[in-house]
Amino acid sequence: MPEAGAAEEIVWQGKFVTAKRRGRWEYVGRARNIRAAVILAVEDGHVILIEQYRVPMGRRCIELPAGLIGDDANSEDESPLEAAGRELEEETGYRAASLEDAGIFYSSPGMVSESFTLVRARELEKVGQGGGIGGEDITVHRVELSRLGNFVDAARRRGCGIDVRVMGLLLAEGQL
């Protein structure tokens, strides 16, 4: 592990992303070490998924609801559970009576230093339309878990990308 002791060098920094180098290894991370909260909202045999356009992919993507922690002005002290509750309602229109921290995970550790807190949402209540804020154009899908594989296949046929976190649900349901 020769890179383990090497100093981290910032190669380029934008408003949201920082490109870094440690030894010969190049990777990216979020500026200001901002983290994300990803929401697993599974209840009554259904999962809440979202679909939105992702610029890096150049297409819409099927994902678990998620958002950044403490990225708004005056919210630097926001907890992962607070962010998850806020993002769940903004993106999906659902409010959870209970939010549980399920641990920290890493998105793509060979290329990205980003981590996210997985938050389990329980006792869901539909309180609004969802769809996101500021032109996010999010479509909400409430998908029967037993039909998740069919849903993913149909989304791929429509040209959607599938977030890797959906794979975990497919594995758990024995559909992959």
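Visitor: Which residue in strand 11 is the bridge partner of Cys 61?

Guide: The bridge partner of Cys 61 in strand 11 is Gly 161. This is a predicted model, in which local features need pLDDT of at least 70, side-chain atom pairs count only at pLDDT 80 or more, and totals for chains, interfaces and linings use all residues. Residues are numbered from 1 along each chain as its sequence is written, and side-chain values use heavy atoms, with hydrogens and water left out.

Visitor: How do strand 6 and strand 11 run, parallel or antiparallel?

Guide: They run parallel, and two bridges join strand 6 to strand 11 (residues 161-162). Strands here are DSSP runs of E with at least two residues, helices are runs of H or I with at least four, and both are numbered from the N terminus. Two strands pair if DSSP finds at least two bridges between them.

Visitor: What about strand 5 and strand 6?

Guide: Strand 5 (residues 46-54) and strand 6 (residues 59-63) run antiparallel and are joined by five bridges. Gln 52 has Cys 61 as its bridge partner in strand 6. Four residues lie between the strands of this hairpin, where Gly 58 takes a positive phi near 70°.

Visitor: Back to Cys 61: is that residue buried or exposed?

Guide: Cys 61 is buried, with a relative accessible area of 3%. Buried means under 20% relative accessible area, exposed means over 50%, and partly exposed lies in between, using a 1.4 Å probe and protein chains only. Cys 160 is also buried, at 6%.

Visitor: How many disulfides does the structure hold?

Guide: The structure holds zero disulfides, a disulfide being a pair of cysteine sulfur atoms within 2.5 Å. For Cys 61, the nearest cysteine sulfur is that of Cys 160, 7.6 Å away.

Visitor: New topic: how many salt bridges are there?

Guide: The count comes to 15 salt bridges, where a side-chain nitrogen of Lys or Arg must lie within 4 Å of a carboxyl oxygen of Asp or Glu. In one of them, Glu 8 pairs with Lys 20, the closest N and O atoms being 3.7 Å apart. Glu 8 lies in strand 1 and Lys 20 in strand 2, so this pair ties together parts that are twelve residues apart in sequence. Glu 8 is partly exposed at 39% relative accessibility, whereas Lys 20 is buried at 9%.

Visitor: Which residues are linked in a network of salt bridges?

Guide: Glu 51, Arg 60, Asp 137 and Arg 158 are linked in that way. Between Glu 51 and Arg 158, the closest N and O atoms are 3.1 Å apart. Glu 51 belongs to strand 5 and Arg 158 to the loop between helix 2 (148-157) and strand 11, so the pair ties together parts that are 107 residues apart in sequence. Glu 51 is buried at 5% relative accessibility, while Arg 158 is exposed at 51%.

Visitor: In what order do the three strands of the open sheet stand?

Guide: The order is 1-2-3, with antiparallel pairing. Strand 1 (8-13) and strand 3 (25-30) stand at the edges with a single partner strand each, so one side of each is left without a neighbour in the sheet. Strand 2 (residues 17-22) pairs with strand 3 over six bridges, and Ala 19 stands opposite Val 28 in strand 3.

Visitor: And where does Phe 16 lie?

Guide: Phe 16 lies in the loop between strand 1 and strand 2.
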